[in-house]
Amino acid sequence: MFNSISGTLTGKTAESVYIETHGIEWEIFVSTLSADRFGAAGSTVRVYTWLYHREDQMRLFGFLTPAERSLFLDLTKVEGIGPKQALKILSGLDSAALEAALEAGDVARLQSIPGIGKKTAQKMVLALKGQLTGLQDSGRAETAKKSEFEDIIIALIDMGYDRKRAAETVDAAAQSMRTQGIDPTAKEEELFRTAIVNLSST
């Protein structure tokens, strides 16, 4: 499971960015709006990722923020919208405007996105109005203390786990590591694996 990739931006197109890290260059598919915001070649960037894996293909999708990734994953829950279509939707309307249109049930605004007809726009509203993961997380963040392992918690949320349960499991695993004399901030991959095992067994 990849949560993010940090490295040097070596190039980009309207639909993808190329990131080099430790001698490996990654091709990551992004929305056209995100591609414009990643900066110039040679800059150091961080891309939040989601891996699409099927028998006949494997693609790595990238996002500027965890919130954009959450919105992308929400879109793929709508019947008839796959990863490629979800990315096209994010290319046609920025995340904030898209969230606002979905929450307001603004079918006309959604239809302004290239390739989105009235029927698809209506299905998007029906499936996602009041259900957007990013907005729900933002509401919780206003009243809850942000964890020092936020990236790990977000990765678990993207795997389908509830935020509260994921946060409690990660914090418990981190505390267990500390009692063993292990600094969890220096062993985040181990912490992530432990959290997955603990979540899977409960």
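## Aromatic cluster

Two rings of Phe, Tyr or Trp (for Trp, its six-membered ring) count as a pair here if their centres lie within 6.5 Å. By that rule, ring pairs join Phe29, Trp50, Tyr52, Phe61, Phe63 and Phe72 into a cluster in this predicted model. Across the whole structure, the search finds seven aromatic pairs. One of them brings together Tyr52 and Phe61 in an edge-to-face arrangement, with 6.5 Å from centre to centre and 85 degrees between the planes. Tyr52 and Phe61 are both buried.

The charged end of Arg59 sits over the Phe29 ring, 4.2 Å from the ring centre.

Let's step back to the overall layout. The chain is divided into domain 1 (2–61), domain 2 (65–126) and domain 3 (147–199). Taken over C-alpha atoms, the centres of domain 2 and domain 3 are separated by 31 Å.

Which residues touch the most other members of the largest nonpolar core? They are Phe72, Leu75, Leu98, Leu110 and Met124, in a core of 28 residues. Two or more residues come from each of β4 (44–54), β5 (57–63), α2 (66–75), α3 (83–92), α4 (95–104) and α6 (118–128). Domain 1 and domain 2 both contribute residues, so this core lies between them.

Leaving aside residues up to four places away in sequence, Leu110 touches Leu98, Ala101, Leu102, Ile116, Ala121, Met124 and Val125.

## Annotated motif segments

UniProt, in an unreviewed entry, places the feature "domain: Helix-hairpin-helix DNA-binding motif class" at residues 73–92 and 108–127. In the model, residues 73–92 are 65% helix and 0% strand, with the end C-alpha atoms 16 Å apart. Residues 108–127 are 70% helix and 0% strand, and their end C-alpha atoms are 16 Å apart.

Is helix α8 (residues 150–158) largely enclosed or open? Eight of its nine residues are buried, so α8 is largely enclosed by the rest of the structure. Those buried residues are Glu150, Ile152, Ile153, Ile154, Ala155, Leu156, Ile157 and Asp158. Gly160 follows α8 and has a positive phi, near 110 degrees.

Conventions: Residues are numbered from 1 along each chain as its sequence is written. This is a predicted model: local features need pLDDT of at least 70, side-chain atom pairs count only at pLDDT 80 or more; totals for chains, interfaces and linings use all residues. Side-chain values use heavy atoms; hydrogens and water are left out. UniProt positions are given in the numbering used here, feature names are shortened, and annotations may be inferred rather than shown by experiment. Helices (H or I, at least four residues) and strands (E, at least two) are DSSP runs, numbered from the N terminus. A nonpolar core is a set of buried Ala, Val, Leu, Ile, Met, Phe, Trp, Tyr and Cys residues joined through side-chain atoms within 4.5 Å. Buried means under 20% relative accessible area, exposed over 50%, partly exposed in between (1.4 Å probe, protein chains only). Domain bounds come from an automatic or database domain assignment. Contact means heavy atoms within 4.5 Å. Rings of Phe, Tyr and Trp (its six-membered ring) pair if their centres lie within 6.5 Å; planes under 30 degrees apart count as stacked, over 60 as edge-to-face and the rest as tilted. A charge sits over a ring if NZ of Lys or CZ of Arg is within 6 Å of the ring centre and within 35 degrees of the ring normal.
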